[in-house]
Amino acid sequence: MYVVGTSIGKRYERTDELGVPLAITEDSTTSVTLRERDNKQQIRVSIEEVASVVKEVTDGLNTWNDVLWKYPTHSSAASED
């Protein structure tokens, strides 16, 4: 799902309603924010790594807690809209 034209908080709200477990938000040309739906925790991941991180979590090779340990957490006031 790709959503444009609304605040990041509204985008997260919409993906939560749909049951999307992990939301990806482009931060820059080199990094994205990966947000877990249930606890709303966020990490920043390089664009080169995000696909493998998502695959590892969805395939059960890593838990979200494993990912939190490896990558820096990221919070954004915009996500609280």
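**Entry 1: E1 and E2.** I looked up the pairing of E1 and E2 and found them antiparallel over 5 bridges; strands pair if DSSP finds at least two bridges between them. Helices (H or I, at least four residues) and strands (E, at least two) are DSSP runs, numbered from the N terminus. I noted Glu 36 in E2 as the bridge partner of Leu 22. A hairpin of 4 residues joins E1 to E2.

**Entry 2: the source.** The model is predicted, so I kept its limits in view: local features need pLDDT of at least 70, side-chain atom pairs count only at pLDDT 80 or more, and totals for chains, interfaces and linings use all residues. Residues are numbered from 1 along each chain as its sequence is written, and side-chain values use heavy atoms, with hydrogens and water left out.

**Entry 3: E2 and E3.** I then checked the other pairing of E2, and E2 and E3 are also antiparallel, over 5 bridges. Ser 31 stands opposite Ser 46 in E3. The hairpin between E2 and E3 has 5 residues, and Lys 40 in its turn has a positive phi of about 60 degrees.

**Entry 4: burial of E2.** I counted 6 of the 6 residues of E2 as buried, so this strand is largely enclosed by the rest of the structure. Buried means under 20% relative accessible area, exposed over 50%, and partly exposed in between (1.4 Å probe, protein chains only). On one side I listed Ser 31, Thr 33 and Arg 35, and on the other Val 32, Leu 34 and Glu 36; both faces are covered.

**Entry 5: helix H1.** In H1 (residues 8–18) I found Ile 8, Gly 9, Tyr 12 and Thr 15 buried. Seen down the axis of H1, its buried residues fall within an arc of 130 degrees, so they line one face of the helix; the arc is that of the directions from the helix axis to the C-beta atoms. An α-helix has 3.6 residues a turn, so residues three or four places apart point the same way. The buried residues of H1 pack against E1 (22–26), E2 (31–36) and E3 (42–46), where contact means heavy atoms within 4.5 Å. Exposed Lys 10 and Glu 17 sit on the face turned away from the buried side. After H1 comes Gly 19, with a positive phi near 85 degrees.

**Entry 6: Asp 59.** I located Asp 59 in the loop between H2 (47–58) and H3 (64–70). Asp 59 is partly exposed, at a relative accessible area of 42%. Its side chain makes a polar contact of 2.5 Å with that of Lys 55. A polar contact is a pair of N or O atoms within 3.5 Å; within protein, one must be able to donate a hydrogen and the other to accept it, and residues adjacent in sequence count only if both atoms are side-chain atoms.
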